[in-house]
Amino acid sequence: MGSSLQAHQAVLLQMLKEIDRICRKHHIPYLLFSGTLLGAVREGGFIPWDDDADVVMMRDAYERFLQVAEQELDGEEFFLQKEFSEHWPMFFSKLRKNGTTCLERYIPKDPKTHMGVYVDIFPCDNLYGAAFLRKIQFWLSKIVIAKSLDQRGYLTDSRIKKFVQRCCRCLPKKRLARFVQHRTGAGECMVHTFFGGASKYEKNIYPRAWLSETIEIPFENHIFPVSAHYHELLTQLYGAYMVPPPEEERQCKVHAEFVDLDHSYEDYWEMQQTMEFQDYTRSIR
């Protein structure tokens, strides 16, 4: 049984409002990001064919949010999935909705991995001033990402990706991540989201002001903070962002292979271990 995209987006909006509530209460700066920012500016809400939601925070704000959210969230309704935690080897965090299912193109290696509907919470980090150090940051982030995906159970048909994942298994993920985060570089003029959504170097580096100076705009039936430089940011990410793609190209990145808003992911665990279920979820999209 699947759930409609509109119903899925309604749950995502509820979760965005909860993040907003916590951040406003504790004076934690954050921004709508990526496709969610694009939807806010161009559509006044979700892109009609988008199936996820993204926010971004500077590293210090991000870590403060992870600290306070555990006390603020209703544990019966929500689950905070922290980066590099026991059952979540990934390099960013998610807010999950309990009692729901959102299965991606993974067969999780850890049966305790929460797989409910989610909002992505991305950190933004300091970029080194020297060009060669910036490129090292970028390529080390790729190693961290590859190792995290391998630990999670990422499925790929690419022999190159499979080879890279195997090669990264013996490397010290957290030590490399610390270099990428560059915590001592608060005075640097540029920042990056290598642990965010975009895969290309040029789409992940920004002047610090783009992520620190904010305005508020409507999104669906609520007001959310966005970059005061959203035009420059969206142009860098998407080009002519105010022009919708042709109708035949209006489809999302397919983050969710299968969504059920009424039943917990735990109900699907055994079924998800089979390739037959993977084939089924693809067939219903």
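**View 1. Salt bridge between Lys82 and Glu70.** The side chains of Lys82 and Glu70 meet in a salt bridge, 3.0 Å from N to O; the term stands for a side-chain nitrogen of Lys or Arg within 4 Å of a carboxyl oxygen of Asp or Glu. Lys82 lies in the loop between strand E3 (78-81) and strand E4 (93-97) and Glu70 in helix H3, so the pair ties together parts that are 12 residues apart in sequence. Helices (H or I, at least four residues) and strands (E, at least two) are DSSP runs, numbered from the N terminus. Lys82 is partly exposed at 25% relative accessibility, and Glu70 is partly exposed with a relative accessible area of 46%. Buried stands for under 20% relative accessible area, exposed for over 50%, and partly exposed for values in between (1.4 Å probe, protein chains only).

The model is predicted: local features need pLDDT of at least 70, side-chain atom pairs count only at pLDDT 80 or more, and totals for chains, interfaces and linings use all residues. Residues are numbered from 1 along each chain as its sequence is written, and side-chain values use heavy atoms, with hydrogens and water left out.

**View 2. Salt bridge between Glu72 and Arg21.** Side chains of opposite charge can pair when their charged atoms come close. In the salt bridge of Glu72 with Arg21, the closest N and O atoms are 3.2 Å apart. This pair links distant parts of the chain, with Glu72 in helix H3 and Arg21 in helix H1, 51 residues apart. Glu72 is buried, at a relative accessible area of 18%, whereas Arg21 is partly exposed at 33%. Both residues belong to a network of salt bridges that links Glu18, Arg21, Lys25 and Glu72. The structure holds 14 salt bridges.

**View 3. Crossing of helices H1 and H3.** Two packed helices are described by the angle between their axes and the distance between the axes. The axes of H1 (residues 5-25) and H3 (residues 59-72) come within 10 Å and cross at roughly 110 degrees. Axes are lines fitted to C-alpha atoms, for helices over the stretch in contact, and angles run from 0 to 180 degrees between N-to-C directions. H1 and H3 are therefore roughly perpendicular to each other. Angles under 35 degrees count as roughly parallel, over 145 as roughly antiparallel, 65 to 115 as roughly perpendicular and the rest as oblique. The crossing of H1 and H3 is right-handed; a crossing is left-handed if the near helix is turned anticlockwise from the far one by less than a right angle, and right-handed if clockwise.

**View 4. Crossing of helices H2 and H8.** The axes of H2 and H8 (residues 230-238) come within 11 Å, with a crossing angle of roughly 125 degrees. That angle makes H2 oblique to H8. H2 and H8 cross in a left-handed manner. Ser34 lies in H2 (residues 34-42), and its phi is near 60 degrees, a positive value in a residue other than glycine. Leu237, found in H8, is buried at 11% relative accessibility. The C-alpha atoms of Leu237 and Ser34 are separated by 7.7 Å, although these residues are 203 apart along the chain.

**View 5. Salt bridge between Arg42 and Glu43.** The side chains of Arg42 and Glu43 form a salt bridge with an N to O distance of 3.0 Å. Arg42 is buried, with a relative accessible area of 15%, whereas Glu43 is partly exposed at 35% relative accessibility.

View 6. Phe84 is found in the loop between E3 and E4. Phi of Phe84 is near 50 degrees, a positive value in a residue other than glycine. Phe84 is buried, with a relative accessible area of 15%. Gly75 lies in the loop between H3 and E3 and is exposed, with a relative accessible area of 53%. The C-alpha atoms of Gly75 and Lys97 are separated by 9.6 Å, the two residues being 22 apart along the chain.

**View 7. Nonpolar surface patch.** Ile160, Phe163 and Val164 form a nonpolar patch on the surface, with about 310 Å² of accessible area together. Patches are made of residues with over 30% relative accessible area and no salt bridge; like charges are joined within 9 Å, nonpolar side chains (Val, Leu, Ile, Met, Phe, Trp, Tyr) within 5 Å. Accessible areas come from the Shrake-Rupley method with a 1.4 Å probe, and for residues only the protein chains shown count as cover. Ile160 lies in helix H5 (residues 159-168) and is exposed at 64% relative accessibility.
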